[in-house]
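Let's take a walk through a protein structure together. Keep the sequence and the 3D view handy as you read.

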Amino acid sequence: MRPNTKLVHIETPANPIIRLSDIAAIAEIAHAGRAELSVDATISTPLGTKPLALGADYVVHSLTKYIGGHGDALGGAVIGRREQIATLRKGSLIHLGGSLSPFAAWLILRGMETLAPRMMMHEANARRVEAFLADHSKVRSVLWPGSPRHPQHELAQRQMRNFSGLLAFTAKEEGGALARQLAERLRVISYAVSLGKTKSLLFYIPTEDILQSSFHLEGEGARSYREWAADGVFRFSVGLEDPDDIIADLEQAVG
Ligand SMILES: *Cc1c(COP(=O)(O)O)cnc(C)c1O
């Protein structure tokens, strides 16, 4: 916090390392410093976490992910108190744009109708995959908030009612080599970016690449990221396929 801090923005769970932030605790710190708190809860979805009830002022969702759910439309939403949202509409919206295309809006509304059953199934499938990966000899660590193996599982239980279908794992050996092997061998799972759609998506995110291209972390922030992510994380958006098929595909591809 600095004297001129107006907004604290967090993402929980954070993409791609599935690290959590304590919304209630950070809301207290932000408000004590007379700043507002905004929470990107895309990965948890509104079914999993209710940041406004925990003290946040704004919630941000990428509608492109679980809410739309099919990976075929782009959209975003900001939720907050009526007066603040009115200010956003008048100010930034004019300068930044904010009109969803009607077809994207229609696809997202249609996808949203099945959000609840999809999230239950994403969670159940992720639970199976997490257990499989945790036992695998080539896997160093698996991070999924629904598992007691996640270092913040206790916090996850406090602020998540659904643990979502996104997990991350790191490899014991060099991550880049395993990534190339997975890209060649996976058949059911797509080796591709994005997350939160019906089909399983897996992608390797090398630590040094993302620190340089996106996060620009230094000092303690960079050290702490490297400690969680090792040389890179495999971000795995567990889809709605039969979990036996997902696990069999991983098994043959990881080898
Ligand atoms: C993908 C993603 C975004 C950005 O969403 P787009 O709709 O792709 O622009 C923001 N936050 C999180 C957590 C995401 O996973």
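What follows goes through the sheets, the helices, the ligand and a loop.

A bit of housekeeping comes before the tour. You're looking at a predicted model, where local features need pLDDT of at least 70, side-chain atom pairs count only at pLDDT 80 or more, and totals for chains, interfaces and linings use all residues. Residues are numbered from 1 along each chain as its sequence is written, and side-chain values use heavy atoms, with hydrogens and water left out.

Start with the sheet whose strands run in the order 1-2-3-4: this is an open sheet of four strands, with mixed pairing. Strand 1 (7–11) and strand 4 (76–80) sit at the edges with a single partner strand each, so one side of each has no neighbour in the sheet. From one strand to the next, the twist averages 20°. Helices (H or I, at least four residues) and strands (E, at least two) are DSSP runs, numbered from the N terminus, and two strands pair if DSSP finds at least two bridges between them.

Now look at strand 2 (residues 36–40) and strand 3 (residues 58–62), which pair in the parallel sense over three bridges. Val-39 stands opposite Val-59 in strand 3. Helix 1 (residues 23–32) packs on this sheet and touches strand 1 and strand 2, and its direction makes about 150° with that of strand 2. Helix 4 (residues 82–90) packs on the sheet too, touching strand 2, strand 3 and strand 4, with its direction at about 140° to that of strand 4. Touching, or contact, means heavy atoms within 4.5 Å. As for the angles, axes are lines fitted to C-alpha atoms (for helices, over the stretch in contact), and angles run from 0 to 180 degrees between N-to-C directions.

Which residues does Ile-26 touch? Ile-26 lies in helix 1, and its contacts are Val-8, Ile-10, Ser-21 and Leu-37, not counting residues up to four places away in sequence.

Strand 5 pairs with strand 6 (residues 166–171) in the antiparallel sense over four bridges, and Ser-141 stands opposite Thr-170 in strand 6.

So what's around the ligand? You'll find Glu-11, Asn-15, Asp-40, Thr-42, Ser-62, Thr-64, Lys-65, Gly-75 and Leu-195, where a residue counts as near if one of its heavy atoms lies within 4 Å. By class, this shell has one nonpolar, five polar and three charged residues. (Ala, Val, Leu, Ile, Met, Phe, Trp, Tyr, Cys and Pro count as nonpolar, Asp, Glu, Lys and Arg as charged, and the others, Gly among them, as polar.)

Zoom in on the atoms. A side-chain N or O atom of Ser-62 is 2.7 Å from an oxygen atom of the ligand. For a polar side-chain atom of Lys-65, the distance to a ligand oxygen atom is 2.8 Å, and for one of Asn-15 it is 3.2 Å.

Last stop: the loop between strand 1 and helix 1, where you'll find Pro-13, Pro-16 and Ile-18. Most residues other than glycine have a negative phi, and most peptide bonds are trans. Yet a cis peptide bond joins Thr-12 and Pro-13, with omega about -10°. Another cis peptide bond joins Asn-15 and Pro-16, with omega about 5°. And Ile-18, although not a glycine, has a positive phi of about 55°.

Conventions: Polar contact = N/O pair within 3.5 Å; in protein donor to acceptor, adjacent residues only side chain to side chain.
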